Amino acid sequence: MRPGLSGDWTTALASQGITTAIMAVFQFASGDVAIWTGAHPIQVTGSGDQLLDGVTFDPIVNGLMIGIGDNTFSFTGSEALTLTLAIPQTPTPAMLNSSISATEYQSRLAVLWRCLMVTPAGATTPAIWTFSRVRAGSMDELTIKNDGVQHTFEMTIEAHAAMVTAATNSSYLDQPKFDATDTSQAFAVSIANNPTAPAPAPVIANYNSGYGNYAF
Amino acid sequence: MTSYPISGPPITAVNEVIALHRTQGLMRSPFTGTSVIVDTFAEWTIQLAFPPVTVATSKIFNAWRDSLRGGLGTFLYHPHAASLPISGKTLSGVAYAYSNDITIGGWSGSQPSLLGVGEFLSIANNLHRIIACPPSATSGICTISIEPSIRVDIASGTAVNFTAPTGVFRLVDSGNNGAAGYATSPDYVTLDPVSAVTAL
């Protein structure tokens, strides 16, 4: 099984007919915006993802997602992912603010999920979807286009490079965090500070052999 | 100020083509030939052809067509001969988005349902075709299958229209769609066909 694919996914794929969607959360300065490409507003519960649970994703109100760029990454780095929204008749506050100040979006978090309907809706039950994060990154470049035919809001989302965190300041003293039974560094600080306990090995005899001092 | 959706074409079409178009993608393995279909959405398309009309009637038609502002405006359309003598029926439970099955109540006991496959129904001006239905109700309720699937959750108790099922449509483009032109006889005007899709 490929990493990231759960049993739900493989079962749905095995049915040879799938319904998919892309979900996105943009953490603009003026507030979070949640969008998805499904047909109806959806409130996610029980996913265990704190950015998903309790959030209502709307397909239209916050802008219509009309283009999703390539989500490409490799061991040499990742390309920015471009999302294109059609600007509604009344632009959202986030869109208006973004067009004025880069602080509205720049280096703020955006997360994308791939969604798959794993249980179709029935006469008495709603559809059940599963969600899988496909990108978490920082909003970077904004392009607002109006070419007379389309009026769009294009946002690029940088992924891995933008998400590298500050230095961890980890040292050998963190060894037990990786291997709880490894206490090899337990006395490193004590030794460095020349403490009285544990006591240094007693010097039993001291011979001057001409090659230096030996302690036995 | 025009308030959309407006009513349907003021002339009865002589030819109506109504079809359900699905937007799908097919991912096929070049090794095994097996495929996975990505099913995205479905929409009704209609194409209407009109008989030659008098100049006076064509003016009314032109006003209707132009008031749609191309694809901006929407109009209601009731497919030809789509009518069942069933009234007073409502959803007996929530109709869930993406569901092809809905429950409708309003019959009494195991009364004959009068439903038929291939017939139309509409819920809140969303047009659907009945794919499977029971010949009679069960405890006053019929569970039926429809196409296309429900798009947005619809509350229980919402009326289901069988007598005049209606959908909301928009013109495909504003080109020659429904344009009027004079034929050989100056007394009659021919009208180009009108193409429209469901206004989703």
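This is a predicted model: local features need pLDDT of at least 70, side-chain atom pairs count only at pLDDT 80 or more; totals for chains, interfaces and linings use all residues.
**Entry 1**

I began with the strand order. Seven strands of chain A form an open sheet, and they run in the order β3-β2-β10-β11-β12-β9-β6. The pairing is antiparallel. I then looked up the edges, which are β3 (31–36) and β6 (64–68) of chain A, each pairing on one side only. Direction ignored, neighbouring strands of this sheet are turned by 35° against each other on average.

**Entry 1: two pairings within the sheet**

I checked β2 (residues 20–28) of chain A against β10 (residues 109–119) of chain A and found seven bridges in the antiparallel sense. In β10(A), L112(A) is the residue that stands opposite A24(A). On to the next pair: β10(A) and β11(A) run antiparallel and are joined by ten bridges. Here T119(A) has I128(A) of β11(A) opposite.

**Entry 2: a helix across the sheet**

Which strands does helix α2 of chain A lie across? I find β2, β3, β9 (81–86), β11 (128–146) and β12 (151–158) of chain A under this helix of residues 93–100. The helix runs at about 40° to β11(A).

**Entry 3: one residue of β9**

I picked T84(A), which lies in strand β9 of chain A. Is T84(A) buried or exposed? The relative accessible area of T84(A) is 12%, under the 20% limit, so T84(A) counts as buried. I left aside neighbours within four places in sequence and listed the contacts of T84(A): L64(A), M65(A), I66(A), G67(A), T152(A), F153(A) and E154(A).

I looked at C133(B) in particular: the nearest cysteine sulfur is that of C142(B), 7.8 Å away. A disulfide needs the two sulfur atoms within 2.5 Å, so C133(B) is in no disulfide. C142(B) is in no disulfide either, with the sulfur of C133(B) as the nearest cysteine sulfur. As for accessibility, C133(B) is partly exposed at 21%, while C142(B) is buried at 0%.

**Entry 4: the largest nonpolar core**

In soluble globular proteins, nonpolar side chains tend to be buried together. I looked up the largest nonpolar core and found 22 residues in it. Those touching the most other members are I46(B), F50(B), F61(B), F75(B), F169(B) and L191(B). At least two residues of this core come from each of β2 (35–49), α1 (55–67), β4 (75–77), β11 (167–171), β13 (188–191) and β14 (194–198) of chain B. Which of the elements gives the most to this core? It is β2(B), with three residues.

**Entry 5: backbone exceptions in chain B**

Most residues other than glycine have a negative phi, and most peptide bonds are trans. I noted two cis peptide bonds in chain B. One joins Y4(B) and P5(B), with omega about 0°; P5(B) sits in the segment before β1 (15–28) of chain B. Another joins E147(B) and P148(B), with omega about -10°; P148(B) is in the loop between β9 (141–147) and β10 (159–161) of chain B.

Next I noted positive phi values. R69(B) has phi near 50° and is placed in the loop between α1 and β4 of chain B. R69(B) is partly exposed, at 47% relative accessibility. S139(B) also has phi near 50°, and its place is the loop between β8 (126–132) and β9 of chain B. S139(B) counts as exposed because its relative accessibility is 66%, over the 50% limit.

Definitions and conventions. Residues are numbered from 1 along each chain as its sequence is written. Chains are lettered from A and ligands numbered from 1 in the order in which they are written. Side-chain values use heavy atoms; hydrogens and water are left out. Two strands pair if DSSP finds at least two bridges between them. Helices (H or I, at least four residues) and strands (E, at least two) are DSSP runs, numbered from the N terminus. Axes are lines fitted to C-alpha atoms, for helices over the stretch in contact, and angles run from 0 to 180 degrees between N-to-C directions. Contact means heavy atoms within 4.5 Å. Buried means under 20% relative accessible area, exposed over 50%, partly exposed in between (1.4 Å probe, protein chains only). A nonpolar core is a set of buried Ala, Val, Leu, Ile, Met, Phe, Trp, Tyr and Cys residues joined through side-chain atoms within 4.5 Å.
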